[in-house]
Amino acid sequence: MAHKVRASKPKNIFTGDREQLLQYTVALLSVALALGATLLLKAYLTPTPAALFFAAVMVSAWYGGLGPGLLTTVLSTLAVNYLFFQPVYSLNIININFLVPLVVFMLTAGLISLLNESRRTAQQKAEASLKSLRESEARFGRLTESNIIGVIVADLNGLIIEANDAFLQMLNYTQEDLRSGRIRWGEITPPEYIEVSEQAIEELRITGSCQPFEQEYIRKDGSQVPVLIGFVKQGDRTIIGFVLDLSERQAALRERKQAEVAQSILQMLLEHVPEGITIAGGPPDFRIIANSKLAQELLGRPGESLVGMTSGDYVQSYGVFLADGVTRLTLEQLPLYRATRNGETICDEECIIERPDGTRITASANVVPVRDSQGQIIGAINCWRDITKRKQIEEALRQRETELRLITDTLPVLITFVDSEQRYRFNNRAYQEWFGHSTAEVYGKHLWEVLGESAYEVLRPYVEQVLAGEQVTFESQVPYQDGGTRYINAIYVPQFNKEGTVEGYAALVTDISEQQAVLRDRNLVQETLRDSEERYRILTEVSPQAIWMGDSHSGINYCNQYWFDYSGLTMEQTAGYGWIDIIHPDDRDRVFKTSMQAVAKATNYEAEIRFRRVSDGSYRWHLVRGLPFRDAAGQIIKWVGIASDIHDRKVAEAALQQLNEMLEQRIQERTAQLEAANKELESFSYSVSHDLRSPLRHIAGFIELLQKRHSSTNILDETSQRYLRIIAETSKQAGILIDELLTFSRMGRTEMRYININMEQLVEEIKRDLQTQTPGRTINWHIESLPEVQADPSMLRLVLRNLIDNAVKYSQTRNPTEITVGSTENENEVVFFVQDNGVGFNMQYVHKLFGVFQRLHSDPKFEGTGVGLANVQRIIHRHNGRVWAESVVDNGATFYFSLPKLSKKEGE
């Protein structure tokens, strides 16, 4: 392979030409010498004149190869033919006797030239291979001696025969260990790599070499070293191996992986950390090498990459102001510039950033310069935090604190907060004015320092109680050292932390010294009031009416003398609710209920009550009025009442009532007579209707027989047949009318049976019945949620059937038909309605709508008897309900009926 590489290189053209010239010169000289020698020895060489020319060909081919050899062959052939074959000096190639020797000479000379060329080529290759081998051996020797990589020579049994120093140093062995045969492949290969090594050796046996592979070798001290191994086979039993120490490379790989992990973590931090982070590189420009996503958003440039900008350009790409929002920072005052140029560390420096769109945020900057081992600045890390919301919250808290302070300062009570160590933490203005000390002077001081020992001893039990977690309310006289002796009303409220521990208490203190003075004055006033009440009592005693007083809890506690004289009761018998005993038994429950309601509602009350008179045992009517008596605060302190005798007036009213009852009795008798007449009329209608059914049945039967006879004999003409159809239809309509009259008459006599009716279910049943009778029509039903009612089920079904059937009938000209069934309700009744989009009716004739035999439509398309709506009205009236209708011609109609809400007891 080394020969091929050398032969492929371009040769020096002049060196090649000189060599070829020399070779051909030798060829010419050889021919000349052979010619001269043959001419000298012509006498002896006559039989074989070409003998010496063979020598010339051999010399030329040996020295110059095939080209000079062939040249010598050609020249020798011409010389022999021209100088030694007869006729001399002529090229006689026709004579066979001369031609054969010449051809033989040429072939022999050519063969000699070819053989010499082959020998010469083989010699050149051998020389080139030898030279390449020597160069390879020299390179291998230099490689082995250079100790760049480990080189070993081993046999197939695993014994390492030779190794360079690099290999021995790699495993901490010496040349003595190598010569003693203590270094064997099986002993330096860890068990986990035996299989890999055996596969490599097997590959070596088959192919003569193996692909380089990685494994570890065991050092002399037992540690392991990672290596890259490659083997080639030399001869049948010898192996040459190359071993490269991978320790540094793996360390570099680990460091690179760690760097990649660190870079990944940094990138993740820059993407997700809730801080705006900017990292600047080293001098001279301190260019931005990393910028977090949040930093770009904070600066109002979320879509731009700021990496690569100089720190000077970076800090000037947005406006930075002091916290006042007016003073703009210069380049030298900017935090990042100060950190990178001056090495200054900035902590929580607040400033206002103005973004490109003009919006502003308040930010807190933390900048740390990065230094190398010599202390030189090689960059900086800038952390931005958006504290706009925090500043807003702080401002809101300050505003709230100001408002709270304003509120507490406005309140006319002393407000303070004391911590668990009994030290002041807050005082309102009233507290400051009372003690004459500002909040700053009192803050942090102990209670006894401000209150004085005497006042502290009075208040200490309450303080200890509230610090134990109990709210305290008390009134006491306290001798303050700076505020004098005062009478106070105090409320102590404990303040708990998240762990439930008392961390202090809030105190609300009211100076009630003036109230105590007022209380003394009030006692004096009350004494005066008692005198006034005594005078009032004297007046009530002589009154000709019963006067009483009491309260909401214990009942009556005072009555005047009139009451005792009339009732014969003593005060002890009357007190509380003893007065009820002389009330007429029929009035007691009513009176007690009325009085209790008035007390509960704190309202005036008035009632007429019959009291028993002790003198004759009779009951006399009295009008009793009571009203609450309130204090200045509006609180009821007692009830005052008066009972006036109205018995004579009640007697007159009773006489008038009796006269009214006589008139009512006459009205009832007249009503009964009218009802009897109506019942006779209904009975007559029923009888007439029943009697009319018999002839109608006969008419219908005979018409049917005539029609059957005609179908078999065809004896009637078309006019007769039309007469028969008219008679049949008329009799059918008369039958329907009679059925309607029977139903109408039954409505007045049928006993009512009230039960709970599911109106939605009832409407659905009627809807299903009507759908089977109206095939081919498009009807859109709108059935709303309907409440349950108490009514007679069969009667109510007839009402809904008539109303919904009318809605279907009178909307048959509409496509599609729209029918709505719904309800409304109020406190006393439930109103149902059936609405359609049919032909409607004229409201001018609405008064005729519910009369018997009254029909507002004469169109034969709308069949009917004029009894259905009369039935509806009669049924609803029997349920004490109402029925009415509303309509616009050609715009539909709505029929309403109401049912009263009945209690369960009434329904039964």
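**A guided reading of the predicted model**

A polar contact of 2.7 Å connects the side chains of Asp 221 and Ser 223. The model in which this contact occurs is a predicted one. Asp 221 belongs to the loop that runs between strand E3 (213–218) and strand E4 (224–234). With a relative accessible area of 56%, Asp 221 is exposed, because the threshold for that class is over 50%. In space, the C-alpha of Asp 221 lies 8.5 Å from that of Leu 171, although 50 residues separate the two in sequence.

The phi angle of Asn 172 is near 65°, a positive value in a residue other than glycine. Asn 172 is partly exposed, with a relative accessible area of 38%. Ala 602 likewise has a positive phi, near 55°, and is not a glycine. Ala 602 is located in the loop between helix H22 (585–601) and E19, and at 23% relative accessibility it is classed as partly exposed. Most residues other than glycine have a negative phi, and most peptide bonds are trans.

The bond from Pro 283 to Pro 284 is cis, with omega near 5°. Pro 284 sits in the loop between strand E6 (276–280) and strand E7 (288–291). Asn 815 and Pro 816 are also joined by a cis peptide bond, with omega about 5°. Here Pro 816 occupies the loop between H26 and strand E25 (817–825).

For the chain as a whole, the secondary structure amounts to 28 helices and 28 strands. The chain has 908 residues, of which 36% count as buried. Its accessible surface is about 54,200 Å², and carbon and sulfur atoms account for 55% of that area. When contacts between residues at least 6 apart in sequence are considered, 52% of them join residues at least 24 apart.

In soluble globular proteins, nonpolar side chains tend to be buried together. The largest nonpolar core here contains 38 residues, and those with the most contacts inside it are Met 759, Ile 804, Phe 895 and Phe 897. Helix H26 (residues 793–809) contributes the most to this core, with eight residues. Beyond its neighbours within four places in sequence, Phe 897 is in contact with several residues, among them Met 759, Leu 796, Val 799, Leu 800 and Leu 803. The contacts of Phe 897 also include Val 830, Val 831, Phe 832, Ile 876 and Arg 882. Ile 875 is part of helix H27 (residues 868–878). Ile 875 has 0% relative accessibility and therefore counts as buried, the limit being under 20%. The C-alpha atoms of Ile 875 and Val 799 are 7.3 Å apart, while the residues are 76 apart in sequence.

Across the whole structure, 28 salt bridges are found. In one of them, Arg 390 pairs with Glu 350, and the closest N and O atoms are 3.2 Å apart. This pair links distant parts of the chain, since Arg 390 lies in helix H14 (residues 388–410) and Glu 350 in strand E9 (residues 346–354), 40 residues apart. Arg 390 is partly exposed at 38% relative accessibility, as is Glu 350 at 29%. Both belong to a network of salt bridges that also links Lys 391 and Glu 394.

Lys 650 and Glu 608 form another salt bridge, at 2.8 Å from N to O. Lys 650 is in helix H23 and Glu 608 in strand E19 (residues 605–612), so the bridge ties together parts that are 42 residues apart in sequence. Lys 650 counts as buried at 17% relative accessibility, whereas Glu 608 is partly exposed at 25%. A salt bridge also joins Glu 765 to Arg 797, with 2.5 Å between the closest N and O atoms. It links helix H25 (residues 759–773), which holds Glu 765, with helix H26, which holds Arg 797, across 32 residues.

Helix H23 (residues 647–713) also contains Met 662. Together with Leu 656, Leu 659 and Leu 663, Met 662 makes a nonpolar surface patch of about 380 Å². Met 662 is partly exposed, with a relative accessible area of 44%.

Note on methods: Residues are numbered from 1 along each chain as its sequence is written. This is a predicted model: local features need pLDDT of at least 70, side-chain atom pairs count only at pLDDT 80 or more; totals for chains, interfaces and linings use all residues. Side-chain values use heavy atoms; hydrogens and water are left out. Patches are made of residues with over 30% relative accessible area and no salt bridge: like charges are joined within 9 Å, nonpolar side chains (Val, Leu, Ile, Met, Phe, Trp, Tyr) within 5 Å. Accessible areas come from the Shrake-Rupley method with a 1.4 Å probe; for residues, only the protein chains shown count as cover. A salt bridge is a side-chain nitrogen of Lys or Arg within 4 Å of a carboxyl oxygen of Asp or Glu. Helices (H or I, at least four residues) and strands (E, at least two) are DSSP runs, numbered from the N terminus. Buried means under 20% relative accessible area, exposed over 50%, partly exposed in between (1.4 Å probe, protein chains only). A polar contact is a pair of N or O atoms within 3.5 Å; within protein, one must be able to donate a hydrogen and the other to accept it, and residues adjacent in sequence count only if both atoms are side-chain atoms. A nonpolar core is a set of buried Ala, Val, Leu, Ile, Met, Phe, Trp, Tyr and Cys residues joined through side-chain atoms within 4.5 Å. Contact means heavy atoms within 4.5 Å.
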